[in-house]
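This report covers selected local features of the structure shown below.

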Amino acid sequence: MSVVSYQLEGDIGVISLNNPPVNALSHALRLGIQDAVAQAQNDASLALVLICQGRTFIAGADISEFGKAPMLPSLPGLLDIIEASTKPIIAAIHGTALGGGLETALACHYRCALSSAKVGLPEVKLGLLPGAGGTQRVPRLAGVKAALDLITTGTPITAVNALKIGLIDKVVKGDLLSAALDFAQDIIAQGAVLKRVRDIAVDNEGISADFFAEYRAHLNKRFRQQEAPQRIVECIEAALSQSFDEGLKVERRLFVECMQSTQSAALRHLFFAERMSSKIKGLPKDTQLKDIKRVGIIGGGTMGGGIAMNFVNANIPVTLLEINHEALQRGKDIIAKNYAMTVKKGKLTTELAVERQALITGTTDYNDLADMDLVIEAVFENLAIKKQVFAKLDSVCKPGAILASNTSYQDVNLIAESTSRPQDVIGLHFFSPANVMKLLEIVRGDKTSEQVLATSMAMAKTIKKIPALSRVCYGFIGNRMLRQYAREAQLCLLEGSSPEAIDRVMQNFGMAMGPLAVGDLAGIDIGYKAREGLTDEEKGDVRSYCIADALYEMGRLGQKTGAGYYRYDAETRQRIADPIVLEVIEAQAKKRGVERKAISDETILARLTFALINEGFKILEEGIAQRSSDIDVVYAFGYGFPAFRGGPMFYAETIGLEKVYQTICQFGATYGEDFWQPAALLKQLVAEGKTLSEWSSNS
Ligand code: T1G
């Protein structure tokens with residue numbers, strides 16, 4: 001099947017691309033376009049239309065070719081050929097013209113698009129910048145400010161908005177090819193002018209002397225530590241101050257710098273990891289999916305309410321069960337409040353918010369769940385209560401209904417045992433706030449059927465979640481690793497650091513929030529209550545929670561009480577270091593015989609991140625996670641791990657497994673081997689000189 005076809009439609013040459021799934025600009029596609037444009041220069045055509053088959057116009061350069069030996073024609077080289085055409089070329093856009101796709105359209109002489117189409121330059125999300133003239137052509141058509149906003153955010157815009165800022169010439173309706181052919185005829189009738197974007201001067205209207213410095217400062221706040229946004233500013237500055245060809249050279253130089261950066265490698269790793277995580281190793285491709293038309297949710301608390309929103313947002317009706325009408329009303333009020341906030345932010349219309357809430361039916365009667373295709377339990381995090389709920393579901397739900405628990409720690413196998421249908425039981429671990437967080441940990445029980453697994457993965461996509469599969473262990477992937485990270489944060493506190501020092505180190509690393517600030521946000525009572533049900537042995541080393549317990553007993557639960565590891569300003573809710581906390585820490589250190597001394601930022605960072613990484617290796621060697629990139633997906637999309645570092649396991653590779661291993665051995669010698677035993681898999685890979693991605697893709 002040829003990826004490019006060329007034929008005359010009357011006096012218009014039509015270049016048609018067909019490179020599923022998204023017409024990415026593979027080498028074959030670039031060659032095919034080059035040949036078609038060359039052929040058209042000598043035939044009877046008066047103008048050309050460039051159009052794509054399938055679901056979208058070109059969605060970008062072929063990311064899977066990155067890092068491989070370049071093959072001619074390069075994309076910039078191809079765009080020079082398009083722009084130098086002796087006949088006007090009209091790009092006909094549908095779907096999402098992104099990255100190199102939009103750059104290809106900009107090298108054409110005209111652009112038309114269906115009103116449903118979107119255009120954008122999302123390279124920055126891959127740690128890159130538009131490397132085929134986008135930073136030089138967009139300012140010429142849309143101006144400097146619009147170019148900076150479009151390219152540094154990477155957010156696509158609608159065809160109508162693209163028309164408004166001058167990126168496209170016409171929004172068309174109906175059949176795209178017919179509309180594009182009509183548009184080409186108009187262009188011919190007007191003299192077939194070769195409108196080359198490179199010939200347009202950049203408008204410097206309103207660009208003050210400190211405009212770029214201010215924009216850089218804005219980017220520093222919004223995209224902390226990210227390199228690509230700053231380089232984009234430099235490209236746009238060049239578009240304004242230099243010739244088109246000189247500007248292209250600046251763009252090329254900075255694009256190569258981005259391409260070679262660790263940040264871009266990390267973001268490209270996550271791009272594919274996010275798409276890989278929904279694939280289940282060993283699951284037959286043709287596994288039949290169950291139809292999920294009606295969903296029941298048990299528990300209308302913060303989690304249950306948030307979970308319900310995911311389904312009604314996907315137009316799937318929900319029956320929400322609570323123990324009584326007051327609790328049910330509270331649940332509905334939580335949902336109404338969440339929607340009101342979304343409407344207030346302008347992200348949803350009032351009508352849609354009302355429509356979606358109308359899809360939620362409340363009940364206090366389990367029998368109303370009899371006909372549900374999927375029921376998700378989101379009650380109190382207590383195994384005994386969950387087992388009672390599942391035994392009840394087993395007696396009322398229809399055969400074949402999927403029975404899921406939103407548990408974040410409990411053993412899904414034990415929950416399944418409380419039913420006669422363990423094959424239909426699965427864990428669906430949502431992250432709070434459940435209507436916002438992208439990650440969904442899917443926990444397969446030993447007896448969960450392939451059909452329930454496959455259906456859960458497909459359902460995750462339907463409700464726009466990013467799934468990651470876990471087997472059963474305490475805390476699954478994310479929370480099991482988090483316990484080690486939190487333990488090291490607590491020990492660093494006890495041994496000499498402070499909440500503000502630890503949080504500063506982790507925020508500078510790129511975490512959305514430091515661990516102690518997160519503790520105050522979630523509530524110190526959560527951990528305290530989770531430990532209440534555990535034996536001393538299960539609780540682990542008392543040094544890892546004695547400070548939290550002391551704060552709890554002082555009534556310092558975190559933000560909810562105005563004080564926890566920090567004090568919170570009543571008006572601004574700003575976090576303020578509190579000397580009382582230091583007194584609590586010193587008292588606990590004394591009580592535990594710990595002599596406090598300063599801990600360097602570097603040691604804090606290594607202790608917290610290597611504790612995560614080491615546990616990640618154990619999770620891999622135990623087969624809890626399918627692949628290392630799934631662990632990266634969990635941390636990047638569920639725990640605020642900086643995407644530009646690729647996730648904890650990718651980050652370990654960028655440091656080098658040898659260094660991680662040696663440091664963990666040193667930590668064992670310094671802090672004791674109870675916590676610092678290198679994972680067997682880490683030790684094995686270092687001994688074999690193998691990388692994790694090699695092992696993970698081979699296993
Ligand atoms: N290259 C290669 N494969 C791609 C791809 C790309 N650009 N985009 C998507 N795919 C694959 C993806 O891996 C998946 O494969 C399948 O297509 C469906 O994708 C020079 C340097 C277009 C909005 O960043 O944002 O141009 O898993 O599951 O949810 O300046 O894909 O099925 O085997 O995401 O409908 C810039 C990235 C590149 C766009 C569709 N372009 N793609 O979303 O489907 S850099 C991008 C997307 C560049 C130039 C620079 C989305 C989508 P598989 P999907 P979707």
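## Terms and model

A polar contact is a pair of N or O atoms within 3.5 Å; within protein, one of them must be able to donate a hydrogen and the other to accept it. The model discussed here is predicted.

## His27

His27 belongs to helix H1, which covers residues 27–41. A polar atom of the His27 side chain lies 2.8 Å from the backbone oxygen of Leu72. Apart from neighbours within four places in sequence, His27 is in contact with Glu65, Met71 and Leu72.

The relative accessible area of His27 is 19%. Because the limit for buried is under 20%, His27 counts as buried.

## Strand S6

S6 pairs in the parallel sense with strand S4 (residues 89–93) over 4 bridges, and Arg111 in S6 stands opposite Ala91. S6 also pairs in the parallel sense with strand S9 (residues 170–172), over 3 bridges. Here Cys112 stands opposite Lys170 in S9.

## Gln484

Gln484 is located in helix H18, residues 478–495. With a relative accessible area of 15%, Gln484 is buried. Not counting residues up to four places away in sequence, Gln484 touches Ala611 and Glu615.

Note on methods:
Residues numbered from 1 in each chain as written. Predicted model: local features only at pLDDT ≥ 70, side-chain atom pairs only at ≥ 80, totals over all residues. Heavy atoms only, no water. Helix = DSSP H or I, 4+ residues; strand = E, 2+ residues; numbered from the N terminus. Buried < 20%, exposed > 50% of the residue type's maximum accessible area, 1.4 Å probe, protein only. Contact = heavy atoms within 4.5 Å. Pairing = 2+ DSSP bridges.
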